[in-house]
Amino acid sequence: TTLFRSVAVLFILIGIGFLCSKKKIFDEHTVKHITHFILYFVTPTVVINSFNREYDPLLVKKLLISAGCTVLAHGLFIALSYILIHDKAQAKRAVLRYGVIFSNCGYMALPLQNAILGTEGVFLGTAYIGVFNLLTWTFGLVLMSGSFKEISVKKIFINPGIIGIAVGLIIFLTPLKLPVILASPVQHLANLNTPLPMFIIGYYLAQITSFAVLKDAKLLLGI
């Protein structure tokens, strides 16, 4: 019942985004800026807010287990993508394999985790986000570009997801905790992580004008 209610709330928010698109309240320009706001402010504060708690060795153990499972999961996804996805066109093959390996774990997973499991769910989910970011800016970049030259240490470690996790770990593993004057705005920003991404998903769903693309068997296999 809790799961159904939480998912229903997310779909209602997606519906609002869909309606805003149809009524021209949102446009591509608006959504682009909201996306940047989520990426640079909301997502990091979600992570920081979930780590702003007293140190607990059990949670550390759970976090490491979550990270290990994430590495294994991505290893499995990579293997499956190379076994199942084949196409003569390098660009299409790369995109389909990327879609199999890398999920929309930030936009959809974090709001769902927060709705169902609360801040501890988000806390454990950050392990997935961390591994995801590292693989995206290494393996994912090579997969899409076809070259190791595109890999940048700056891009790997200096991005909002990794910075949020780094700050969160410092707060969690040390006696340092956010003072109320900072913790309050961080929590308010973190609360935006459920509605804003759902609005954007609704907006893009409203842009679909044809389902002809679903006739592509390879695309369906990737999905």
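Is glutamate 120 buried, partly exposed or exposed? Glutamate 120 has a relative accessibility of 31% and so counts as partly exposed; buried means under 20% relative accessible area, exposed means over 50%, and partly exposed lies in between, with a 1.4 Å probe and protein chains only. The legends below refer to a predicted model, in which local features need pLDDT of at least 70, side-chain atom pairs count only at pLDDT 80 or more, and totals for chains, interfaces and linings use all residues. Residues are numbered from 1 along each chain as its sequence is written, and side-chain values use heavy atoms, with hydrogens and water left out.

**View 1. Salt bridge between glutamate 120 and lysine 62.** The closest N and O atoms of this pair are 3.4 Å apart. A salt bridge is a side-chain nitrogen of Lys or Arg within 4 Å of a carboxyl oxygen of Asp or Glu. Glutamate 120 belongs to helix H5 (residues 105–145) and lysine 62 to helix H3, so the pair ties together parts that are 58 residues apart in sequence. Helices (H or I, at least four residues) are DSSP runs, numbered from the N terminus. Lysine 62, with a relative accessible area of 32%, is partly exposed.

**View 2. Salt bridge between lysine 92 and aspartate 87.** A search of the whole structure finds two salt bridges. In this view, the side chains of lysine 92 and aspartate 87 meet at 3.9 Å, N to O. Lysine 92 is partly exposed at 32% relative accessibility, whereas aspartate 87 is buried, its relative accessible area being 15%. Side chains of opposite charge can pair when their charged atoms come close.

**View 3. Packing of helices H3 and H4.** Two packed helices are described by the angle between their axes and the distance between the axes. Helix H3 (residues 57–84) packs against helix H4 (residues 90–101) at an angle of about 150°, and their axes are 8 Å apart. That makes H3 roughly antiparallel to H4, a term for angles over 145 degrees. Axes are lines fitted to C-alpha atoms over the stretch in contact, and angles run from 0 to 180 degrees between N-to-C directions. The H3 and H4 crossing is right-handed; a crossing is right-handed if the near helix is turned clockwise from the far one by less than a right angle, and left-handed if anticlockwise. His74, Phe77, Ile78, Ser81 and Tyr82 of H3 make the contact with Arg97, Val100 and Ile101 of H4, where contact means heavy atoms within 4.5 Å. The contact of H3 with H4 has five nonpolar, two polar and one charged residues. In this classification Ala, Val, Leu, Ile, Met, Phe, Trp, Tyr, Cys and Pro are nonpolar, Asp, Glu, Lys and Arg are charged, and the others, Gly among them, are polar.

**View 4. Packing of helices H2 and H9.** H2 and helix H9 (residues 195–206) pack at about 150°, with an axis separation of 10 Å. H2 is therefore roughly antiparallel to H9. The crossing of H2 with H9 is left-handed. Residues from H2 in the contact are Glu28, Val31, Ile34, Thr35, Phe37, Ile38 and Val42, and those from H9 are Leu196, Pro197, Ile200, Tyr203 and Tyr204. By class, 10 residues of the contact of H2 with H9 are nonpolar, one is polar and one is charged.

**View 5. Packing of helices H2 and H8.** The angle between H2 and helix H8 (residues 180–191) is about 115°, and the axes lie 8 Å apart. H2 and H8 cross in a left-handed manner. On H2 the contact involves Phe37, Val42, Thr45, Val46, Ile48 and Asn49, and on H8 it involves Val186, Gln187, Leu189 and Ala190. Seven residues of the contact of H2 with H8 are nonpolar, three are polar and none is charged.

**View 6. The loop between H1 and H2, with lysine 24 and aspartate 27.** This loop joins helix H1 (2–22) and helix H2 (28–51). Lysine 24 has a phi near 65°, a positive value in a residue other than glycine, and is exposed at 70% relative accessibility. Aspartate 27 is partly exposed, with a relative accessible area of 38%.

**View 7. Threonine 136 and leucine 112 in helix H5.** Threonine 136 is buried at 14% relative accessibility. Beyond its neighbours within four places in sequence, threonine 136 is in contact with Tyr98, Phe102 and Leu141. Leucine 112 is partly exposed, with a relative accessible area of 28%. Not counting residues up to four places away in sequence, leucine 112 touches Val7 and Leu10.

How values were computed:
Helices (H or I, at least four residues) and strands (E, at least two) are DSSP runs, numbered from the N terminus. Angles under 35 degrees count as roughly parallel, over 145 as roughly antiparallel, 65 to 115 as roughly perpendicular and the rest as oblique.
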